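Colleague: I am new to this structure, so please pick one part of it and take me through that part slowly and closely.

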Amino acid sequence: MRTILVSNIKGGVGKTTIATHLSAYFAGHGHKTALADLDRQKSSLGWLKTRPETASPIQGLDWVKEIGKAPAGTGRLVIDAPAAMRPKDVEELIRLSDIVVLPVLPGAFDEAATARFLDKLEEVKAIAKEKVPVAIVGNRLRARTKAADRLDTFLAGAGHQVVARLRDSQMYTDLAAEGLTLFDQKAKRAADLRADWQPLLDFVG
């Protein structure tokens, strides 16, 4: 089983969007996929409830009260972590994971919070010894803006690999309301946006 942890202590950076998209991608490529939700808002689990029966199946796991285990036979486990977590929970989740995906938005507050989180991650042995790689994802980017340029400067000095930059689009919100992702769509616009994801998909395997 391959486990991907999607995490950042800053709220509103798109963790659930990335977790649901990765889950849909894995499920669509024939992997038995589970999506674990640790956030009290249960956004990922709510998304799964609206997912059409015709879409690739994803099993939801409610880990809000306690970190659990994936069902037997699970090929891909995606963990949607909340913004507020105790250090011991962060360490336990990292021990369970093969990769940490860390989304960050353009903006001074988001970048500062992400920098603090990266510092905390470096205190975890598996991260410090590079046994568990951290994949940084620039999210909701608008090309040729000062915010995007500033985020690029921040990411360049983050000390971990920046694997993808995802453009901002209303399509994410529209699809989420239907329990879907870009990977469930065949429209050309979806294909254009999916191209942003390919470096991350290659990285997480």
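Modeller: Arginine 140 counts as partly exposed because its relative accessibility is 36%, where buried means under 20% relative accessible area, exposed over 50% and partly exposed in between, with a 1.4 Å probe and protein chains only. This is a predicted model, in which local features need pLDDT of at least 70 and side-chain atom pairs count only at pLDDT 80 or more, while totals for chains, interfaces and linings use all residues. Residues are numbered from 1 along each chain as its sequence is written, and side-chain values use heavy atoms, with hydrogens and water left out.

Arginine 140 sits in strand 6, strands being DSSP runs of E with at least two residues and helices runs of H or I with at least four, numbered from the N terminus. Although arginine 140 is not a glycine, its phi is positive, at about 55 degrees. Most residues other than glycine have a negative phi.

A pocket here is an open set of points on a 1 Å grid over the protein atoms alone where a 1.4 Å probe fits, with protein on both sides within 12 Å along at least five of seven lines, and lining residues have an atom within 4 Å of a point. Helix 1 (15-28), strand 6 (134-141), strand 7 (161-167) and helix 7 (170-176) are the elements that each give two or more residues to this lining, with the largest share, five residues, coming from helix 1. By class, the lining of the second largest pocket holds seven nonpolar, ten polar and three charged residues, where Ala, Val, Leu, Ile, Met, Phe, Trp, Tyr, Cys and Pro count as nonpolar, Asp, Glu, Lys and Arg as charged, and the others, Gly among them, as polar. The volume of the second largest pocket is about 290 Å³, meaning the space filled by probe spheres set on grid points that are joined across faces, edges and corners.

Around this part, the protein chain has eight helices and seven strands, and its C-alpha trace spans about 45 × 40 × 30 Å along the principal axes. Of its 205 residues, 49% count as buried.
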